Amino acid sequence: MQDGYWWLRQLRKIISRKRETVFIHLGQVNSRKGKYCSDYTVQFRLIQKEEQRRMLENLVIVNELNESFSLAELSDKNVSNPVNRKNELMTRMSGFERLSKEAGHKAIFVTITCPSRFHNTYAKSGDPNPKWDGSTPRDAQTYLNNIWRRIRAELNRRSIQQYGFRIAEPQHDGTPHWHMILFIEASNSDTFKKVIRDYALQEDGDEAGAQENRCDFKDIDYSRGSATGYVAKYVSKNVNGEQLDSDVDGGNAIDAAKRVEAWASCWGIRQFQQIGAGSVTVWRELRRLSDPTGVSESFDAIYEAADSDDWAKFVELMGGVFCKRDEQSIRPLYQEKVNEETGEIKQSYFDGVITLALKGVQHADREIITRVHEWRIEHQAKRAA
């Protein structure tokens, strides 16, 4: 509580959200003014990203062999790059779809929205909503998270398992709603929908439009198209807007994607989340390896699946779509970070607790290290000098 940097980070976050809350109260966040978030927040985020880029270009990361790379180079190669992020999401999505077809599972597209009290203006007119209670998009996201926890608990009680993806995106006034593409056993379809509907309508289920709009289900018909193709537009809209002709209301898709990203950054909302099946951490760590052959036959097969972008085979070899994380054949490996020169073990900044860092993966009793170098950060100008 005496650390100035901790307070600075918290205050920056609070100021950004309080400022956006003021814009919402002033009617500047809706379909008629600033869609998804205020124009100020969009510009602030664009400037922030420019400054972040300059910082990444001015910092280099150096290992014990004196090899160096700029942080900007590394950022472009991982999922921080929107193109890479989108490609990985679509790869995993299509892998799930392939597994569902092989298993005969049903694909359902689910949409859940918030009660009227979370919406500050009407979509068509842009007029203030008298039912709005001052809730922010952050409050609405918390509401949706709580609803989903209850739904999953009930589904677990009924032994109904699911896997797929959740996409959180803003409505015109910044209030989030969720789209989910979920795969389940076909025999559980009706019960699955009933559970979601019951919990989605628990609060203010009798208000106007709740029965029609609070939750919606679309069964994916593979004869008319793929589940991956169905959600591709939602992924594009929330990543970079590329390959879309327009936004939902006819506006520029790339500009809309910038506004969505600024909205998510301001309110701290996680846009994409995988539900069930397959460790993404293990997937990414295996793809860092150059040639790990010889560990075991099963490990080699999983590595080959990850290295060749075959998410379906990777999940299948890891234990299948319904395998629990602690029962999967390969798990992430976390170890203490030790200074090789002094022998000092790294501790957390505030309370001195020993910290664990991701070092690789563990298969049976074997530890496979994927992060073999020790890195330090230096300023570009200082290193050049």
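Biologist: Which conventions apply to the numbering and to the predicted model?
Modeller: Residues are numbered from 1 along each chain as its sequence is written, and side-chain values use heavy atoms, with hydrogens and water left out. As this is a predicted model, local features need pLDDT of at least 70, totals for chains, interfaces and linings use all residues, and side-chain atom pairs count only at pLDDT 80 or more.

Biologist: How many salt bridges does the model contain?
Modeller: Side chains of opposite charge can pair when their charged atoms come close. A salt bridge is taken here as a side-chain nitrogen of Lys or Arg within 4 Å of a carboxyl oxygen of Asp or Glu. By this rule the count is 26.

Biologist: How many residues apart in sequence are the parts tied together by Lys131 and Glu207?
Modeller: The side chains of Lys131 and Glu207 form a salt bridge with an N to O distance of 3.7 Å. Lys131 lies in the loop between strand E3 (105-112) and H5, whereas Glu207 lies in the loop between helix H6 (189-200) and helix H7 (210-213); helices (H or I, at least four residues) and strands (E, at least two) are DSSP runs numbered from the N terminus. The pair therefore ties together parts whose separation in sequence is 76 residues.

Biologist: What is the N to O distance in the salt bridge of Glu378 and Arg376?
Modeller: Glu378 is buried, at 19% relative accessible area, while Arg376 is partly exposed at 38%. Their side chains meet in a salt bridge with an N to O distance of 2.9 Å.

Biologist: Which residues does Tyr143 touch?
Modeller: Tyr143 belongs to helix H5 (residues 137-157) and is buried, at 9% relative accessibility. Its C-alpha atom is separated by 7.8 Å from that of Cys114, 29 residues apart along the chain. Contact means heavy atoms within 4.5 Å. Not counting residues up to four places away in sequence, Tyr143 touches Thr113, Cys114, Pro115, Phe118, Ala200, Glu203 and Arg214.

Biologist: Where does Ser75 lie?
Modeller: At 16% relative accessibility, Ser75 is buried. Residues up to four places away in sequence aside, Ser75 touches Leu56, Ser80 and Asn81. Ser75 is located in helix H3 (residues 71-77).

Biologist: What is the phi of Ser159?
Modeller: Most residues other than glycine have a negative phi. Ser159 is placed in the loop between H5 and strand E4 (163-170) and is exposed, with a relative accessible area of 59%. Although Ser159 is not a glycine, its phi is positive, at about 60°.

Biologist: What is the phi of Asn66?
Modeller: Asn66 is found in the loop between E1 and E2. Asn66 is partly exposed, with a relative accessible area of 47%. Its phi is positive in a residue other than glycine, near 70°.

Biologist: Where does Glu64 lie?
Modeller: Glu64 gathers with Glu67, Glu340 and Glu341 in a patch of negative charge on the surface. Such patches are made of residues with over 30% relative accessible area and no salt bridge, like charges being joined within 9 Å and nonpolar side chains (Val, Leu, Ile, Met, Phe, Trp, Tyr) within 5 Å. Glu64 itself is partly exposed at 47%. Glu64 lies in the loop between strand E1 (59-63) and strand E2 (68-70).

Terms used
Accessible areas come from the Shrake-Rupley method with a 1.4 Å probe; for residues, only the protein chains shown count as cover. Lys and Arg count as positive and Asp and Glu as negative; His and the chain ends are not counted. The place of a charge is taken as NZ of Lys, CZ of Arg, CG of Asp or CD of Glu. Buried means under 20% relative accessible area, exposed over 50%, partly exposed in between (1.4 Å probe, protein chains only).
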